[in-house]
Amino acid sequence: MSSTSKLSVTVDGEQYVDTVEVRTLLVHYLRETVGKVGTVIGCDTSNCGSCTVLLSTGDEPARSVKSCSVLAVQADGATITTVEGLAGPDGSLHPVQRAFHELHGLQCGFCTPGMIMSAVDLLRDNPHPTDDEIRDGLSGNLCRCTGYQNIVRAVRAAAAEEVTS
Ligand code: FES
Ligand code: FES
């Protein structure tokens, strides 16, 4: 049996066709083959959420997934958005990115890409979350620095801008 497989994915609006080892994790594919190093690896236990991206297959709406818990070949045919694909074509920050920046929703920044992707997913489902719903929505993302207060404030502020995309 072949240990490699062909993979076709759209990442941040560009299509990629590659041959990968079937054991390759999606996060390694995104970082090492596609070059999306904004998606980071913070653990080896699928706990930290720093590798979170949005993934949609078929007609399913995009969902946040921990890209270290998905094989690259499982994403064949999928459309993926990483934190690097959130900004507008003119480079303007996505409202969630802007809110994290302006309200100091980060310190070391290691958790930030995953936090932002989970927040975007949360706000799509629930454009006006309570603080408890924000905390619940981000419960799969760990931050060692901030105590979460400013992260919740940032998501609340982004929600006030009616963020849905
Ligand atoms: S790298 Fe920690 S959950 Fe994926
Ligand atoms: S800002 Fe450092 S881990 Fe969250």
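Is Thr19 buried or exposed? Thr19 is exposed, its relative accessible area being 56%, where exposed stands for over 50%, buried for under 20% and partly exposed for what falls in between (1.4 Å probe, protein chains only). The model behind this value is a predicted one, in which local features need pLDDT of at least 70, side-chain atom pairs count only at pLDDT 80 or more, and totals for chains, interfaces and linings use all residues. Residues are numbered from 1 along each chain as its sequence is written, chains are lettered from A and ligands numbered from 1 in the order in which they are written, and side-chain values use heavy atoms, with hydrogens and water left out.

Thr19 sits in strand β2, which covers residues 14-21; strands here are DSSP runs of E with at least two residues, helices are runs of H or I with at least four, and both are numbered from the N terminus. Leaving aside residues up to four places away in sequence, Thr19 touches Thr4, Ser5 and Lys6, a contact being heavy atoms within 4.5 Å. With Thr4, Thr19 has a C-alpha separation of 6.4 Å, though the two are 15 residues apart along the chain.

On to the overall layout. The protein splits into domain 1 (4-85) and domain 2 (95-164), with bounds that come from an automatic or database domain assignment. Taken over C-alpha atoms, the centres of domain 1 and domain 2 are 21 Å apart. Where they meet, 18 residues of domain 1 are in contact with 16 residues of domain 2. Together the two domains bury about 1300 Å², with 55% of it on carbon and sulfur atoms; buried area is the accessible area (1.4 Å probe) that two parts lose on being put together, summed over both. On the side of domain 1, Leu54, Arg63 and Val83 lose the most area to domain 2, and together they make up 36% of what that side buries.

Polar links also cross this interface. Six residue pairs, both members at pLDDT 80 or more, are in polar contact between domain 1 and domain 2. A polar contact is a pair of N or O atoms within 3.5 Å; within protein, one must be able to donate a hydrogen and the other to accept it, and residues adjacent in sequence count only if both atoms are side-chain atoms. On the side of domain 1 that touches domain 2, the elements giving two or more residues are β3 (52-56) and β4 (63-66). The residues of that side comprise seven nonpolar, nine polar and two charged ones, with Ala, Val, Leu, Ile, Met, Phe, Trp, Tyr, Cys and Pro taken as nonpolar, Asp, Glu, Lys and Arg as charged, and the others, Gly among them, as polar.

Now for the charged pairs. Side chains of opposite charge can pair when their charged atoms come close. The count of salt bridges comes to six, each needing a side-chain nitrogen of Lys or Arg within 4 Å of a carboxyl oxygen of Asp or Glu. Between domain 1 and domain 2 there are two salt bridges.

Arg63 deserves a look here. Asp121 pairs with Arg63, their closest N and O atoms being 2.9 Å apart. This pair links distant parts of the chain, with Asp121 in helix α3 (residues 112-125) and Arg63 in strand β4, 58 residues apart. Asp121 is buried at a relative accessible area of 9%, while Arg63 is partly exposed at 34%. Asp125 also forms a salt bridge with Arg63, at 3.2 Å between the closest N and O atoms. Asp125 lies in helix α3 and Arg63 in strand β4, so this pair ties together parts 62 residues apart in sequence. Asp125 is exposed, with a relative accessible area of 54%. Through shared partners, salt bridges join Arg63, Asp121 and Asp125 into one network.

Another salt bridge brings together the side chains of Asp12 and Lys36 (3.1 Å, N to O). Asp12 belongs to the loop between β1 (4-11) and β2, and Lys36 to the loop between α1 (26-34) and β3, so the pair ties together parts that are 24 residues apart in sequence. Both Asp12 and Lys36 are buried.

Asp12 turns up again in the backbone: although not a glycine, Asp12 has a positive phi of about 50°. Ser46 is not a glycine either, and has a positive phi of about 60°. Ser46 is in the loop between α1 and β3 and is partly exposed at 31% relative accessibility. Ser56, by contrast, is buried at 15% and lies in strand β3.
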